[in-house]
Amino acid sequence: MNRTVFVIALNATLVASAGVFAAPAAQPATPSAAEPAAAPSATSAPDLAYGAYQRQDYKTAMAEAKKRLASDPKDAAAMGLIGQLYLEGAGVPRDAKQAMDWFRRAADAGSDSSAYLYGAALLQGMGGTTDRARARAYLEKAGAKNYGAALHLLGEMALENEGKP
């Protein structure tokens, strides 16, 4: 894949990823043994941060996501949502570097979609410099959770011979 097509595809993926952090991704019908499926609860609290994001009330989405982080500093969905807000410039100034920092933190907390976005951005140099080795590591994190886009990008990297002639 030539660089121009890759950049366009990555940008389209990043823009289309709005909201992938708070809403759970579609999972296979059989839950993994490591993560038993939780039964839906009628008493579970609504996700105020993601709800505000969906209503395009971005300042409230940011405030609610930060509240969630105050009560649970490892809330990967809240970190990913904050990254998305910075990436889009929704309710905050657009800041790719800040977005990538939040995606990295969310990925380190276990978010497969954030691991993919951070890895893909590292390949492009978004928010800093290009780092193929680090990109591979984050894409492999997402790929280990069967995140399809990450597996695809890892395949692209292999076909490109790791960027070597």
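Please keep in mind that the model is predicted.

Let's start with helix H3, residues 58–71. Which residues of H3 are buried? They are Ala61, Met62, Glu64, Ala65 and Leu69. If you look for their neighbours, these buried residues pack against helix H2 (48–54), helix H4 (76–88) and helix H5 (96–108). As a reminder, an α-helix has 3.6 residues a turn, so residues three or four places apart point the same way.

Now let's follow H5 to its contact with helix H6, residues 112–124. The two helices pack at an angle of about 135 degrees, and their axes are 8 Å apart. That angle makes H5 oblique to H6. Their crossing is left-handed. On the H5 side we have Met100, Phe103, Arg104, Ala106 and Ala107, and they meet Ser114, Ala115, Leu117, Tyr118 and Ala121 in H6. By class, that contact has eight nonpolar residues, one polar and one charged.

Finally, the loops. Most residues other than glycine have a negative phi. Glutamine 56, in the loop between H2 and H3, has a positive phi of about 65 degrees, although it is not a glycine. Is glutamine 56 buried or exposed? It is exposed, with a relative accessible area of 59%.

Asparagine 146 sits in the loop between helix H7 (132–144) and helix H8 (148–159). Asparagine 146 is not a glycine either, and its phi is positive, about 60 degrees. At 60% relative accessibility, asparagine 146 counts as exposed, because the cut-off is over 50%.

Key:
Residues are numbered from 1 along each chain as its sequence is written. This is a predicted model: local features need pLDDT of at least 70, side-chain atom pairs count only at pLDDT 80 or more; totals for chains, interfaces and linings use all residues. Side-chain values use heavy atoms; hydrogens and water are left out. Helices (H or I, at least four residues) and strands (E, at least two) are DSSP runs, numbered from the N terminus. The expected span of a helix is 1.5 Å times one less than its number of residues. Buried means under 20% relative accessible area, exposed over 50%, partly exposed in between (1.4 Å probe, protein chains only). Contact means heavy atoms within 4.5 Å. Axes are lines fitted to C-alpha atoms, for helices over the stretch in contact, and angles run from 0 to 180 degrees between N-to-C directions. Angles under 35 degrees count as roughly parallel, over 145 as roughly antiparallel, 65 to 115 as roughly perpendicular and the rest as oblique. A crossing is left-handed if the near helix is turned anticlockwise from the far one by less than a right angle, and right-handed if clockwise. Ala, Val, Leu, Ile, Met, Phe, Trp, Tyr, Cys and Pro count as nonpolar, Asp, Glu, Lys and Arg as charged, and the others, Gly among them, as polar.
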